[in-house]
Amino acid sequence: MKKRLLSILLVLLMALTLLPLGALADENSKCGESLTWELTAGILTIKGTGDMYDYSSADPAPWSEYNDIIASITISDGVTSIGDNAFHSCCAESIDLQCTSLVSIGKNAFSRCTMLTSIFIPESVQSIGSEAFSLCEGLSMVELPPTLTKIPDGLFKVSSKFGGENFPH
């Protein structure tokens, strides 16, 4: 009887020690109050509803440690903003922003994405932060929505294919 009770107690203790790890794993996949991220086969997917958190060099995006293996980024419908510095220095070659809910793109959001060659910004986007696509050396084609009324400072700063601040109309 004592062995059985001890075994049950040991199993319960082991189960309790695992609980915080499960909660931590869920917390690490958050990138907004109601947004999560997932990286599968080089495709980074942001899904859920609402705004993405803002990031910085002191507090980088949780997927930044995988920047070298991210080949593509997909922003699912329901996401309303891309946070500051969200994909800074990411090696993605393509970004799928074909969502109708996206309203804003934060400053430096795609800065230093040197493998990125083209981007289509959906008509739902009303604001883009400064230097959002700065230092994207491979960027040669950008389609901005006609609804965007203000082009922020340094949007394509030192994007060599554009010759600095120039971009296709």
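Student: How many bridges join strand 5 to strand 7?
Tutor: Three, and strand 5 and strand 7 (residues 94–96) run parallel. Two strands pair if DSSP finds at least two bridges between them; strands (E, at least two residues) are DSSP runs, numbered from the N terminus. This is a predicted model, where local features need pLDDT of at least 70, side-chain atom pairs count only at pLDDT 80 or more, and totals for chains, interfaces and linings use all residues. Residues are numbered from 1 along each chain as its sequence is written, and side-chain values use heavy atoms, with hydrogens and water left out.

Student: Which residue is the bridge partner of Thr74 in strand 7?
Tutor: Asp96.

Student: And what does strand 3 pair with in the parallel sense?
Tutor: Strand 3 (residues 43–48) pairs with strand 5 (residues 72–75) over four bridges. Leu44 stands opposite Ile73 there.

Student: What about strand 2 and strand 3, parallel or antiparallel?
Tutor: Antiparallel, with six bridges joining strand 2 (residues 35–40) to strand 3. Glu38 has Thr45 as its bridge partner in strand 3.

Student: So what is the strand order in the sheet?
Tutor: The order is 1-2-3-5-7, in an open sheet of five strands with mixed pairing. Strand 1 (30–32) and strand 7 stand at the edges with a single partner strand each, so one side of each has no neighbour in the sheet.

Student: Different topic. Where is Asn85?
Tutor: Asn85 is in the loop between strand 6 (79–82) and strand 7. Its phi is positive, about 60 degrees, although Asn85 is not a glycine.

Student: Buried or exposed?
Tutor: Asn85 is buried, at 19% relative accessible area (buried means under 20%, exposed over 50%, partly exposed in between, with a 1.4 Å probe and protein chains only).
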